[in-house]
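The paragraphs below walk through a two-chain structure, one region at a time. Please keep the sequence and the 3D view at hand while reading.

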Amino acid sequence: MNAKTLQFPGPGPAEEPEESLDELLSQVARGDEEAFAQLYDRTSSAVYGLARRVVRDPARAEEVSQEVLLQVWRTASRFDRSRGSAKSWILTLTHRRAVDAVRHDQASTDRERRYDWTGGRDVDVVDDEVTLRMEHQQVRRCMGTLTTLQREAVGLAYYGGHTYAETATLLDANPATIKTRMRDGLIRLRDCLGVAS
Amino acid sequence: MSPDVHTLVGAYALDALDEREQADFEQHLQSCTTCSAELVEFQATAARLGEAASMAPPAGLRESVLAAASRTPQQRPVVTVVPISRWRRYGTTLVAAAAVIAAVSLGVLYVGEQNRNDELQTQGPVSRVKNAPDVEVLASGPGKAPVRVYYSRSLDQAVVMVDDLPTIDKKHSYEMWAIDAEGPKSLGAMPEATESGTKLVSDLGQATQVAVTMEPAGGSPTGKPTGPPVEAVDLT
Ligand SMILES: [Zn+2]
């Protein structure tokens, strides 16, 4: 009765299988606030990090993140998984909105610059998740497989929020060339990252 | 459009087209299955670049997003059934079927577009103040004043926007002050040689004025203004 239960070495009890983000998103589409909270926990670092990278100002990045996450809540029913994953959809929305914010800010007040005067609101980069580190490494490795011009063109557009015409000016290159480098750079990245069609 | 229009799919996936080209390319996407298919892969690829930039968001964001969601209605799913009478009116079912397909792909591809306008009520901290029902817009002078304060007393928050103060060199910074009965309290100095910026201020308290002074780079060394205000905004 009291005999110790023998334990076999190996993986412990199977963990509760984590719900896929796609599945969470369809629950969100049905108005499930609990699912939305889970979705927040799993996507907010990516959303905020990307917004922050593009718009740079912490307060503005927070605004953009809030807008995007609310947009996800409101329009979850419009997500079509045959057109890509939930993660891809959410980050596409994030990038579009962050770029809009940068361009709008520049257009509305020519020289207005946004920043935090005190510098006190900055959050330390905390990414102790192993998966995240691996993601970084893989993306960095794959970026390294691009030609210099491809890498700079993709980086200035994606992380810098620049149009291809601006990118061409910054790189002192022909706009037609930059357009092409953006596409073939993405093809090479896609293949290196193993993004399935 | 030029023959190399397909090339634009890369720039489009990176949001690197200007508004006009973007609209044109979206037109192209409706009829080009090659580009539509490539776009799905490119967006997934770009998303990986996005994920690699992950950073923990400010602690308050979670609560604010979840609270906003619980009072925000959701859009209904798109139902792509075309009424029979309408099909007849179009003459052939083929035309109607094509219209349905176009509507479906539009709904997917331009989901970022179609929600832009009705999203304005979802606000971050700065726009929340600027759009607060009781917001007062106070300026340091008539016309295009260099300092404007959007002040919501109900939120006890203000957005201070500084635009085009006189040019200063790298040895100087502009510094903002909230002035109450006890005197000036610093709202922080702007970077050196900078004449424009925006700041969210949460603690105006009993202040009656927001003032700007020119200080040594990085702000006043004494914690008090070292000279007279360049601009001032009365809060009362
Ligand atoms: Zn095409």
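In chain A, among contacts with a separation of 6 or more, 62% are accounted for by residues 24 or more positions apart. The structure is a predicted model, and the values below were computed from it. Chain A has eight helices and zero strands, so its elements, read from the N terminus, are α-α-α-α-α-α-α-α by the definition of DSSP runs. Of the 197 residues in chain A, 48% are buried.

One salt bridge within chain A illustrates a link between distant parts of the chain. A:R97 pairs with A:E67, with 3.2 Å between the closest N and O atoms. A:R97 belongs to helix α4 (residues 86-108) of chain A and A:E67 to helix α3 (residues 58-75) of chain A, and the two are 30 residues apart. Both A:R97 and A:E67 are buried.

A:E19 lies in the segment before α1 (21-29) of chain A. Apart from neighbours within four places in sequence, A:E19 is in contact with A:L24, A:Q27, A:Q38 and A:R42. A:A35 is 16 residues from A:E19 in sequence, and their C-alpha atoms are 9.9 Å apart in space.

The next topic is the contact between the chains. Chain A contributes 82 residues to it and chain B contributes 88 residues. Together the two chains bury about 8,000 Å² between them, and 59% of this area is on carbon and sulfur atoms.

Another salt bridge brings together the side chains of B:E41 and A:R190, with an N to O distance of 2.6 Å. B:E41 and A:R190 are also linked with A:D191 in a network of salt bridges.

Chain B also carries a zinc site. Which protein donors does the zinc ion have? They are B:H6 through ND1, B:H28 through NE2, B:C32 through SG and B:C35 through SG, at 2.1 to 2.3 Å from the ion. The spacing of these donor residues in sequence is H-x21-H-x3-C-x2-C. Why is the arrangement tetrahedral? The four donor atoms subtend angles of 103 to 116° around the zinc ion, and four donors count as tetrahedral if all angles lie between 85 and 135 degrees. B:H28 and B:C32 are both buried.

B:R20 counts as exposed because its relative accessibility is 61%, whereas B:D24, with a relative accessible area of 28%, is partly exposed.

Strand β1 (residues 136-139) of chain B pairs with β2(B) in the antiparallel sense over four bridges, and B:A139 stands opposite B:R148 in β2(B). β2(B) also pairs with strand β3 (residues 157-162) of chain B, again in the antiparallel sense, over six bridges. In that pairing, B:S152 stands opposite B:Q157 in β3(B). β2(B) and β3(B) form a hairpin with four residues between them, and B:D156 in the turn has a positive phi of about 55°. In a regular strand, side chains alternate between the two faces of the sheet. Strand β2 (residues 147-152) of chain B is mostly covered, with five of its six residues buried.

How values were computed
Residues numbered from 1 in each chain as written. Chains lettered and ligands numbered in written order. Predicted model: local features only at pLDDT ≥ 70, side-chain atom pairs only at ≥ 80, totals over all residues. Heavy atoms only, no water. Contact = heavy atoms within 4.5 Å. Donors = N, O, S within 2.8 Å, 3.2 Å for Na, K, Ca; no water. Tetrahedral: all angles 85-135°; square planar, octahedral: opposite > 155°, others 65-115°. Buried < 20%, exposed > 50% of the residue type's maximum accessible area, 1.4 Å probe, protein only. Salt bridge = Lys/Arg side-chain N within 4 Å of Asp/Glu carboxyl O. Pairing = 2+ DSSP bridges. Buried area = accessible area lost by both parts, 1.4 Å probe.
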